[in-house]
Amino acid sequence: MLARLGLEPGEEDFYAEQLGAILGHIDRLGEVDTDAIPPTAQVVPLANRMRDDAVRPCLTREQALANAPEARDGMFVVRAIQESEP
Amino acid sequence: MIEREEPRIAAFLRVTGPEARAQAEAADRRLASGNGAAGPLTGIPLAVKDVLSVHGVETTAGSQILRGYRPPFDATAIARLREAGAVFLGMTNCDEFAMGSSTENSGYFPTRNPHDPSRVPGGSSGGSAAAVAAGEAVYGLGTDTGGSIRQPAALCGVVGMKPTYGRVSRYGLIAFASSLDQIGPFTTTVRDAALVLQAISGLDPRDATCADRPVDLLTGLEEGVEGLRLGVPREYFQVEGMEPGVKAAVERALLLLERNGAELVEVSLPHTDYGLAAYYIIAPAECSSNLARFDAVKYGARDEDARTLLDTYLRTRRRGFGTEVRRRVMLGTYALSAGYYDAYYLKAQKVRTLIAQDFARAFERCDAIVSATSPTVAFPIGAKVDDPLAMYLNDVLTLGGNLAGVPGISLPCGTSDGLPVGLQVLGPQWGDATVLRVARAYEAARDA
């Protein structure tokens, strides 16, 4: 549910079995002593690069909306957040 | 060529014939003008993996969820090639969102290996590899997150290179795992790979991880391996599932390099056995975050029956994502969730540190590392689709390079059972030129 994947009832067992096997392999990470090891999120040393806070050319509103499944009055349209009362 | 080969191998999702003809005519004019505006890539036709944004051309990452999406801009790599006068032939097939090692996870259809159409071309950039191997395109672009350029290059018998992380801008690349993804070329020769990589590399203000470093990949290309130390990692010759024919072909290649003046030294990458496990936490974790954007609001195919916003997400993602993508999103969401973060994600990041240190230590003793690219030759279509772990094991020799951010190339080194075998050359970070030099030396000796 967290990932908003919309699983069907029968699919849960299928994925549970496969993911169980994959997690079984992944559990070998527990064998490695990492107590004194820092984590790596970014492997190539980098420094922050700043740019001037200036207006630059960007997409027009029409371009930005061109791929939307539904747009109206220059805005993206989404379905209602709550169902309407019956 | 495309008309003749496509029914057999199905490398392209979309061929952009009219646009390509117009680009070719423009390139002809540029070449004829003779005023120095033409470069080595002017007028040369290429195939583009379906994850790189090409302005106005449907780009779907091999997924149904992006059917109909036409990017309103070019990826930086594409823009640089357009500037150079390239001819874009179309978008090539790949595993959905570049997740896979066989191109069977495409949301459209599988691609076939030109050397044996009953077998996979490798993946995830299988379409670009097959297109170049079949002569449909002079070169191709792919992306490599755990081996997705090098492994299909090996299985299709072409050259494929993943540069150092940060060498090529990722702007306009539909992201899979942002700390691992790099763009690179497929070609038939090492020199062509250097030419293409030279053209697409270098600083881009639109990708904060793209490095401000000089790029000179051609000057030392022909210098040979005389006096270079090549590391042979013992763990890479003992991995599970290594086929004897692959091992033998690679050992012959190492002997040839030695006869041409290289010194072979044994090195160790002691955490090799944990690379796959670390990768299959980090990559799915990043993918579960990157793929959250496919919510059918700004782009993508929305399920029209949905009545509420939540229903839109559920129905669109149920219909739009294939099995492997769902599997990885679930795995990644789980690994990042409260209560499991330390045990999985943080642990994997620490093991990543150890793997990067393994490479750094090995490169204190050698200039480049040589091994097989894939433990196997191309396998039959369907052989591994029901066993994801067996599929993942295909990448066991390539994904370490992504975790460590180092450059790597695969080039053909003979055959096993009549199918191509790939030799992998890995270099230290920013050692892209060394990788190309070693590969070129092997290629020259092989063809002598």
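1. The model is predicted, and its confidence values should be read alongside the geometry. The predictor assigns the complex an ipTM of 0.91 and a pTM of 0.96. For chain B the mean pLDDT is 96, with 100% of the residues at 70 or more. For chain A the mean is 88, and 95% of the residues reach 70 or more. In chain A, confidence is highest in helix α2 (residues 61–65), at 95, and lowest in helix α1 (residues 11–26), at a mean of 90.

2. The peptide bond that joins G123(B) to S124(B) is cis, with omega at about 10°.

3. D73(A) is found in the loop between β1 (71–72) and β2 (75–76) of chain A. At 65% relative accessibility D73(A) counts as exposed, because the cut-off for that term is over 50%.

4. As to overall architecture, chain B contains 14 helices and 11 strands. Its C-alpha trace spans about 70 × 65 × 45 Å along the principal axes. The radius of gyration of chain B is 21 Å, which agrees with the value near 22 Å that a compact globule of 448 residues would have. Of the 448 residues in chain B, 65% are buried. Among contacts in chain B with a separation of 6 or more, 75% are between residues 24 or more positions apart.

5. Chain A has 2 helices and 2 strands, and its elements run α-α-β-β from the N terminus on. The radius of gyration of chain A is 23 Å, whereas the globule rule gives 12 Å for 86 residues, so chain A is more spread out than a compact globule. Along the principal axes, its C-alpha atoms fill a box of roughly 60 × 50 × 25 Å. Buried residues account for 26% of the 86 residues of chain A.

6. Surface and charge may be taken together. The accessible surface of chain B comes to about 14,800 Å², with 50% belonging to carbon and sulfur atoms. For chain A the accessible surface is about 6,600 Å², and carbon and sulfur atoms hold 52% of it. Chain B has 45 positive and 51 negative charges, whose mean positions are 3 Å apart. In chain A, the mean positions of the 8 positive and 16 negative charges are 14 Å apart.

7. Is T316(B), at 2% relative accessibility, buried or exposed? T316(B) counts as buried, the limit being under 20%. This residue lies in helix α9 (residues 309–320) of chain B. Not counting residues up to four places away in sequence, T316(B) touches I65(B), A296(B), A301(B), R302(B) and D303(B). The C-alpha atoms of T316(B) and R229(B) are separated by 53 Å, the two residues being 87 residues apart along the chain.

Definitions and conventions
Residues numbered from 1 in each chain as written. Chains lettered and ligands numbered in written order. Predicted model: local features only at pLDDT ≥ 70, side-chain atom pairs only at ≥ 80, totals over all residues. Heavy atoms only, no water. Helix = DSSP H or I, 4+ residues; strand = E, 2+ residues; numbered from the N terminus. Rg over C-alpha atoms; globule rule 2.2 N^0.38 Å. Buried < 20%, exposed > 50% of the residue type's maximum accessible area, 1.4 Å probe, protein only. Contact = heavy atoms within 4.5 Å. Areas by Shrake-Rupley, 256 points an atom, 1.4 Å probe, with all protein chains shown as cover. Lys, Arg positive; Asp, Glu negative; His and termini not counted. Charge placed at Lys NZ, Arg CZ, Asp CG, Glu CD. pLDDT = per-residue confidence, 0-100.
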